Amino acid sequence: MTLETKLKVIDFNLYYGNFQALNNITLDIPENRITAIIGPSGCGKSTFVRSINRMNDLIPSVRTHGEMYMDEENLFDINVVDLRRRVGMVFQRPNPFPKSVYDNVAYGPRMHGIKNTSDLNDIVERSLRAAALWDEVKDDLNKSGLALSGGAQQRLCIARALAVEPEMILMDEPASALDPLATLHIEELMQTLKENYTIVIVTHNMQQAARSSDFTAFFHMGEDRAGYLVEYGPTEEIFTNPRQKLTEEYISGRFG
Ligand SMILES: Nc1ncnc2c1ncn2[C@@H]1O[C@H](COP(=O)(O)OP(=O)(O)OP(=O)(O)O)[C@@H](O)[C@H]1O
């Protein structure tokens, strides 16, 4: 089966002021697959994923050059509000709004102008089901999102991201604040989500990347500390037969 490219990145560079954080990143992220970004602390993993939905635009010192195309559309030509709807993001620490479970999920659709209660009810149920949270919360959708367990809060944040029907979901260390069981839930959930979405996950946890991703990109930083892509390929190859010595050293835990 041939894979479609969802996101094409060509020679992408990013600077925080004078400091270069990303150096000539080129890679194709396939549609309906999970791509893991791994690498030592500070190599630019978060910076890279935050570039995909242009979160870095919020930082005044940031400058970028290079190209990104989503479905062949220049990412930098897309209106940021539309882009953030099309590219959802889930962060390291679950960050539900201090609102009810229902209002957390309905927030995005309401912002996009959906007011009809039965439409919102449908979206909330569909999103919570897709995030494997519906059964736990369906009897009390008015409960505060903050009253859920950490793992359930993270699934609520995933439901909130799904509610606006994104095409891609960026996950920056989504399970690092969770216990092993909640982590497993998130990993299982990712496997069902990839049927409909393209997922990019940043993880420090190499077992997690090996278990749950289809493709792995290994980032490292040069002597100037700019992050670059060392090796990218099918996860199985990266973990069993890496082409670069540096990759082998990293995945076998010799540094990082
Ligand atoms: N807002 C910012 N202003 C200036 N420098 C920044 C900013 N954010 C990140 N950096 C720097 O850019 C580099 C890459 O940071 P980034 O957080 O992307 O790395 P990372 O690989 O995700 O690290 P970690 O695994 O520790 O989260 C680091 O040297 C970091 O200090």
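Which helices are among what covers the buried residues of helix 3? Helix 4, helix 5 and helix 6 are included. Point 6 returns to this.

1. **Model and confidence.** This is a predicted model: local features need pLDDT of at least 70, side-chain atom pairs count only at pLDDT 80 or more, and totals for chains, interfaces and linings use all residues. Residues are numbered from 1 along each chain as its sequence is written. The mean pLDDT of the protein chain is 95 (pLDDT is the predictor's confidence in each residue, from 0 to 100). Of the chain's residues, 100% reach 70 or more. The ipTM is 0.97 and the pTM is 0.94.

2. **Overall form.** The protein chain holds 10 helices and 10 strands. Both are DSSP runs, numbered from the N terminus: helices are H or I with at least four residues, strands are E with at least two. The radius of gyration of the protein chain is 18 Å. A compact globule of 256 residues would have one near 18 Å, which agrees. That radius is taken over C-alpha atoms, and the globule rule is 2.2 Å times the number of residues to the power 0.38. Along the principal axes, the C-alpha atoms fill a box of roughly 55 × 40 × 40 Å.

3. Of the 256 residues, 43% count as buried. Buried means that 20 or more other C-beta atoms lie within 10 Å of the residue's own; exposed means 12 or fewer, and partly exposed is in between, with C-beta atoms placed from the backbone. Two residues are in contact if their C-beta atoms, placed from the backbone, lie within 7 Å. Take the contacts between residues at least 6 apart in sequence: 70% join residues at least 24 apart.

4. **Helix 1 and its end.** Eight of the eight residues of helix 1 are buried. Among them are Lys45, Ser46 and Thr47. Arg54 follows helix 1. Arg54 has a positive phi of about 60 degrees, although it is not a glycine. Arg54 sits in the loop between helix 1 and strand 4 (62-70). Arg54 is partly exposed, with 18 other C-beta atoms within 10 Å.

5. In helix 3 (residues 101-111), the buried residues are Val101, Asn104, Val105, Ala106, Gly108 and Pro109. Their cover includes helix 4, helix 5 and helix 6. Just after helix 3, Gly113 takes a positive phi of about 95 degrees. Ala132 also deserves a look. Its place is the loop between helix 4 (117-130) and helix 5 (134-137). The phi of Ala132 is positive, about 55 degrees, although Ala132 is not a glycine.

6. **The nonpolar core.** The largest nonpolar core has 68 residues. Such a core is a set of buried Ala, Val, Leu, Ile, Met, Phe, Trp, Tyr and Cys residues joined through C-beta atoms within 7 Å. Those with the most contacts inside it are Ile37, Ala159, Ile169, Leu170, Ile199 and Val200. Helix 6 (residues 150-162) gives the most to this core, with seven residues. Leaving out residues up to four places away in sequence, Ile37 touches Lys45, Phe48, Val49, Val200, Val202, Ala217 and Phe219.

7. **Thr203.** Where does Thr203 lie? Thr203 is in the loop between strand 8 (198-202) and helix 8 (206-212). Thr203 counts as buried because 23 other C-beta atoms lie within 10 Å. Beyond four places in sequence, Thr203 touches Ala36, Ile38, Glu173, Gln208 and Ala209. Thr203 and Ser46 are 157 residues apart along the chain, and their C-alpha atoms are separated by 9.5 Å.
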